[in-house]
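Please look over the chain shown below before reading on. The briefing that follows treats its helices, its core and its backbone in turn.

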Amino acid sequence: MNKYRLISYVLLGFFATLFIGLGIRWLMHHSNEPPSEISKIKIGIIPITDCAQIYVAKYTGIFGKYDLEVELVPLAGGATILQALSAGSVDIAFSNLASVVFYEKNVGKLQRLEGGTFMNAQFSEAGLVVRADSGINNLSDLRGKTIAVNSLKNIVDLAVLRALRKQGVTAPQIHLVELPFKDMEAALRAGRIDAATLPEPILTRAMGSGNLKNLGDHFVLAFGEIYSTGYLTLTNQFSSRKDVFQRFNDAIYEATPITNAYGPEVLSAISQVTKVTQSDLLRSGRPRFVDNVPESAMEQMKTWLEEEGFLEH
């Protein structure tokens with residue numbers, strides 16, 4: 001046998017033995033690892049554009065990629081969702097920052113998770129709406145009127161009060177009533193309220209039906225710019241299921257730039273939850289979706305709540 005051929009056979013045998021050995025070591029090392037398990041989580045949401053990061057992660061398969069099976073639980077507002085979180089009805093809460101401040105003052109600290117919204121004049125996605133034939137033409141005309149908010153003592157009525165105060169209208173001069181966002185347009189058209197605080201995409205759909213006037217985005221009028229919402233869980237839940245919440249964070253981090261791009265998959269995801277057509281969504285405003293809400297935004301919210309008398313110093 002040619003000596004070179006002999007050497008080739010020897011080397012071939014050596015490497016074959018080496019790779020088989022490495023394969024056996026890999027199998028021995030990984031055989032004790034548990035198979036990947038799907039983790040089920042319930043997320044309390046409001047069916048509005050603000051929660052689009054969640055919709056995108058769910059309906060584009062991003063949550064599935066991170067072995068998360070997500071159930072959306074629609075509720076009326078941040079305070080209600082935080083109550084559901086506290087009661088164990090949901091695992092993660094979407095909430096406005098004002099409701100978070102109240103919860104942490106009265107109940108206890110919450111664990112911040114990835115995701116949230118930022119609003120300013122460019123990223124405007126709400127409106128203080130009146131009937132076009134109401135004779136109400138500006139904020140000062142709302143003196144003595146009834147204004148609907150989704151939840152009392154939260155971010156929406158805080159914005160309304162601050163915006164009106166800048167126009168010389170004080171809290172005792174208006175009447176705030178609580179209504180779910182989805183019911184506001186009908187109440188406004190029926191004359192049961194004088195003004196509605198509509199978020200997107202409800203705002204665009206309502207304005208498209210005619211005979212309504214938008215006096216402006218109450219958040220922009222009140223604050224200029226604001227981090228408005230975020231996602232949270234209970235601290236003990238986070239400690240006991242840290243891996244699950246880390247996977248949620250990773251999924252939202254991946255979904256955020258996709259959501260901000262606002263492509264067809266985003267429109268489809270929002271439409272599935274809000275039942276608003278994709279054509280209306282294309283015309284509607286939206287916030288800027290953020291990976292996380294800075295803690296400084298929570299401190300700013302506390303200051304605003306104190307200034308309006310919602311929170312004691």
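In this predicted model, the buried residues of helix α6 are I155, V156, D157, L158, A159, V160, L161, R162, A163 and L164. Ten of the eleven residues of α6 are thus buried, so the helix is largely enclosed by the rest of the structure.

**The start of helix α6**

- The N-terminal end of α6 is capped by N154, which places a side-chain oxygen 2.9 Å from the backbone nitrogen of V156.
- K153 belongs to the loop that runs between β6 (146-149) and α6, and its phi is near 60 degrees, a positive value in a residue other than glycine.
- With a relative accessible area of 45%, K153 is partly exposed, whereas V156, whose backbone nitrogen takes part in the cap, is among the buried residues of α6.
- Most residues other than glycine have a negative phi, and most peptide bonds are trans.

**The nonpolar core and the chain as a whole**

- The largest nonpolar core has 102 residues, and those with the most contacts inside it are Y55, F63, L142, F248 and M301.
- Helix α6 (residues 155-165) supplies the largest share of this core, namely eight residues.
- In soluble globular proteins, nonpolar side chains tend to be buried together.
- The chain contains 14 helices and eleven strands, and buried residues make up 49% of its 313 residues.
- Among contacts in the chain with a separation of 6 or more, 79% are accounted for by residues 24 or more positions apart.

**Two helix pairs**

- Two packed helices are described by the angle between their axes and the distance between the axes.
- Helix α5 (residues 97-106) and helix α14 (residues 295-307) have axes that come within 9 Å and cross at roughly 85 degrees, and the two helices are therefore roughly perpendicular to each other.
- On the α5 side the contact involves L97, A98, V100, V101, F102 and E104, which meet A297, M298, M301, K302 and L305 of α14; by class, the residues of this contact divide into nine nonpolar, no polar and two charged.
- M301, which takes part in that contact, is also listed among the residues with the most contacts inside the largest nonpolar core.
- Helices α2 and α11 pack at an angle of about 105 degrees, their axes being 8 Å apart, and that makes α2 roughly perpendicular to α11.
- A52, Q53, I54, V56 and A57 of α2 make this second contact with F248, I252, A255, T256, I258 and T259 of α11, and the residues involved comprise eight nonpolar, three polar and no charged ones.

**Helix α12 and its end**

- The buried residues of α12 are V266, L267, A269, I270, S271, V273 and T274, and they pack against β1 (39-45), α2 (52-59), β2 (68-74), α8, α11 (242-261) and α13.
- T274, which lies in helix α12, is buried with a relative accessible area of 10%, and its side chain reaches the backbone oxygen of I270 at 2.9 Å.
- Apart from its neighbours within four places in sequence, T274 is in contact with P47, I48, Y55, P201 and R205; of these, Y55 is also named among the residues with the most contacts inside the largest nonpolar core.
- α12 is followed by K275, whose phi is positive, near 65 degrees, and which is placed in the loop between α12 (264-274) and α13 (278-283).
- At 63% relative accessibility K275 counts as exposed, whereas T274 is buried.

**A cis peptide bond**

- The peptide bond from E200 to P201 is cis, with omega near 5 degrees.
- P201 is found in the loop between β8 (195-199) and α8 (202-208), and this proline is one of the residues in contact with T274.

Key:
Residues are numbered from 1 along each chain as its sequence is written. This is a predicted model: local features need pLDDT of at least 70, side-chain atom pairs count only at pLDDT 80 or more; totals for chains, interfaces and linings use all residues. Side-chain values use heavy atoms; hydrogens and water are left out. A nonpolar core is a set of buried Ala, Val, Leu, Ile, Met, Phe, Trp, Tyr and Cys residues joined through side-chain atoms within 4.5 Å. Buried means under 20% relative accessible area, exposed over 50%, partly exposed in between (1.4 Å probe, protein chains only). Helices (H or I, at least four residues) and strands (E, at least two) are DSSP runs, numbered from the N terminus. A polar contact is a pair of N or O atoms within 3.5 Å; within protein, one must be able to donate a hydrogen and the other to accept it, and residues adjacent in sequence count only if both atoms are side-chain atoms. Axes are lines fitted to C-alpha atoms, for helices over the stretch in contact, and angles run from 0 to 180 degrees between N-to-C directions. Angles under 35 degrees count as roughly parallel, over 145 as roughly antiparallel, 65 to 115 as roughly perpendicular and the rest as oblique. Contact means heavy atoms within 4.5 Å. Ala, Val, Leu, Ile, Met, Phe, Trp, Tyr, Cys and Pro count as nonpolar, Asp, Glu, Lys and Arg as charged, and the others, Gly among them, as polar.
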